[in-house]
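The stops below go one element at a time.

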Amino acid sequence: MRFEVSVDDVNDRVREAELRSLHSWLRSDRQAWRLAAPQLGAVDSPVPGAQGSGIDVLSLVLGSAFNAASLAVSIMSWRATRPQRPTLTVRRADGTTVTISTDSLEEARLLLERLGPE
């Protein structure tokens with residue numbers, strides 16, 4: 001399963017910095033790295049001849065052993081380190097989305113479980 005994580009309600013510079021921080025956090029967490037295989041990217045394809053677009057999404061490729069609790073712990077642990085905890089939107093390839101703006105690990109886990117296997 002493929003998911004995209006975006007940071008809401010911030011300017012492009014802050015969005016990119018937050019996504020880079022989350023990417024680094026997930027890469028340093030052994031369990032999250034195995035679970036999610038995070039990659040930074042852009043939602044829109046670059047326009048030919050134009051300078052590349054900024055980073056505005058973090059892609060996560062989750063295997064069939066999707067574990068919402070583990071992913072929630074990683075994301076919530078990262079959010080707790082941020083001076084201003086950003087609101088995140090997690091989007092499944094079929095368009096299903098959840099928004100994480102809570103400080104409750106249990107609520108985040110329940111939200112992410114909605115994105116589990118169909």
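This is a predicted model: local features need pLDDT of at least 70, side-chain atom pairs count only at pLDDT 80 or more; totals for chains, interfaces and linings use all residues.

Residues are numbered from 1 along each chain as its sequence is written, and side-chain values use heavy atoms, with hydrogens and water left out.

Select residues 12-28, helix α1. Helices (H or I, at least four residues) and strands (E, at least two) are DSSP runs, numbered from the N terminus. The end C-alpha atoms of α1 are 24 Å apart, which agrees with the 24 Å that 17 residues should span at 1.5 Å a residue; the expected span is 1.5 Å times one less than the number of residues.

Now go to the start of α1, where a side-chain oxygen of N11 comes within 3.1 Å of the backbone nitrogen of R13.

Next, colour R15, E18, L19, S21, L22, H23 and L26, which are buried in α1 (under 20% relative accessible area, 1.4 Å probe, protein chains only). Their cover includes β1 (2-7), α2 (30-36), β2 (39-41), β3 (57-61) and α3 (68-81).

Move to strand β4, residues 88-92: 4 of its 5 residues are buried, so the rest of the structure largely encloses it. Strands pair if DSSP finds at least two bridges between them. β4 runs antiparallel to β1, with 5 bridges; select F3 and its bridge partner R92 to see one of the bridged pairs.

Finally, show β5, residues 97-100, joined to β4 by 4 bridges and also antiparallel. T89 has T99 as its bridge partner. The two strands β4 and β5 form a hairpin with 4 residues between them, and G95 in the turn has a positive phi of about 100 degrees.

How values were computed
Buried means under 20% relative accessible area, exposed over 50%, partly exposed in between (1.4 Å probe, protein chains only). Contact means heavy atoms within 4.5 Å. A polar contact is a pair of N or O atoms within 3.5 Å; within protein, one must be able to donate a hydrogen and the other to accept it, and residues adjacent in sequence count only if both atoms are side-chain atoms.
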